Amino acid sequence: MSRPLEGKLGIVTGASRGIGAAIAENLASKGCNLVINYTSPSSTEPAKSLAANLSSTYNIRAVPIQADVGTQAGAAALISAAREHFTKPDGHRFQIDILINNAGIARNALLPQVTVEDFEETYRVNVLGPLLVVQAAQPHLPADRSGRVVNISSVSSSTGFVTQSVYGGTKAAVEAMTRTWARELAENATVNAVNPGPVEGPMYASNSKEFLEGIHGWVLHTPLAKAREGVDSDEVVREARESGGRQAKVKEVAGVVGMLCGEEAGWCTGQVVCANGGMVMLH
């Protein structure tokens with residue numbers, strides 16, 4: 001079976017778990033070699049395990065690299081380590097074919113409780129991080145428009161969810177940078193963003209009751225969030241009755257990202273692409 005990303009190199013930030021790990025698996029299944037980036041020491045073992053599993057399952061090379069991409073030194077170290085691991089001995093130029101800016105954090109709070117520390121840390125990771133990684137990677141992107149950059153945004157960029165003054169603002173900034181980079185990197189790569197809504201996993205599970213109540217109506221009117229008896233698990237159906245609809249599976253978001261990384265997506269750039277089941281319909 002032909003694998004459309006055979007031999008290419010992809011870097012996924014924040015890839016040790018959740019959406020990042022699912023994106024890494026999607027790309028690996030298509031033949032892409034991978035850098036599995038992670039930040040905290042607690043993610044070392046999951047990152048190593050994921051890299052080993054993807055390497056053996058899909059016959060690709062996957063290397064875990066620890067780096068705090070929200071710092072200039074960390075972003076530079078990530079690209080430098082990738083170059084060390086993946087420069088070919090035949091003298092060919094080191095090339096980064098796919099870059100997924102997935103690493104991110106969320107610190108939700110009502111306006112009176114928003115702190116400067118939360119603001120600075122969230123913007124450092126969610127906005128400065130992708131900027132620094134793209135800066136460091138730019139010299140190594142393809143020169144024939146075959147590259148792919150995908151930034152992970154969120155429906156929060158445009159929905160005005162209560163408690164997300166900071167997080168929503170960071171994702172709006174990511175989308176603005178996406179449009180700028182689509183122009184500046186046009187000879188190297190397409191640059192797009194995807195905007196997930198609620199996705200299964202610890203990040204969504206950590207949301208407050210107040211936040212979940214605030215988005216209930218949005219979930220209720222998300223076309224693809226309706227749980228289906230006999231198709232979805234009993235647990236999913238039961239939870240959907242309370243929340244208004246089911247959460248996305250990480251592989252569903254990864255599928256949209258993977259779609260944007262293929263050759264067929266070469267005429268799509270500067271876009272925010274739905275990965276939220278229709279919760280937000282942009283025009």
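**Close-up views of a predicted model**

**View 1. Surroundings of His 140.** Leaving aside residues up to four places away in sequence, His 140 is in contact (heavy atoms within 4.5 Å) with Ile 79, Arg 83, Arg 93, Phe 94, Gln 95 and Ile 96. This is a predicted model, in which local features need pLDDT of at least 70 and side-chain atom pairs count only at pLDDT 80 or more, whereas totals for chains, interfaces and linings use all residues. Residues are numbered from 1 along each chain as its sequence is written, and side-chain values use heavy atoms, with hydrogens and water left out. His 140 lies in the loop between helix H4 (116-137) and strand E5 (147-152); helices (H or I, at least four residues) and strands (E, at least two) are DSSP runs numbered from the N terminus. His 140 is classed as buried because its relative accessibility is 13%, buried meaning under 20% relative accessible area (1.4 Å probe, protein chains only). Ile 79 is 61 residues from His 140 along the chain, with 9.0 Å between their C-alpha atoms.

**View 2. The largest nonpolar core.** A nonpolar core is a set of buried Ala, Val, Leu, Ile, Met, Phe, Trp, Tyr and Cys residues joined through side-chain atoms within 4.5 Å. The largest one has 37 residues, and Ile 23, Leu 27 and Ile 100 are among those with the most contacts inside it. Helix H1 (18-29) and strand E2 (33-38) are among the elements giving two or more residues to this core; the largest share, 7 residues, comes from H1.

**View 3. Contacts of Ile 23.** Beyond four places in sequence, Ile 23 touches Val 12, Ile 100, Asn 102, Ile 152, Ala 254 and Val 257.

Key: Buried means under 20% relative accessible area, exposed over 50%, partly exposed in between (1.4 Å probe, protein chains only).
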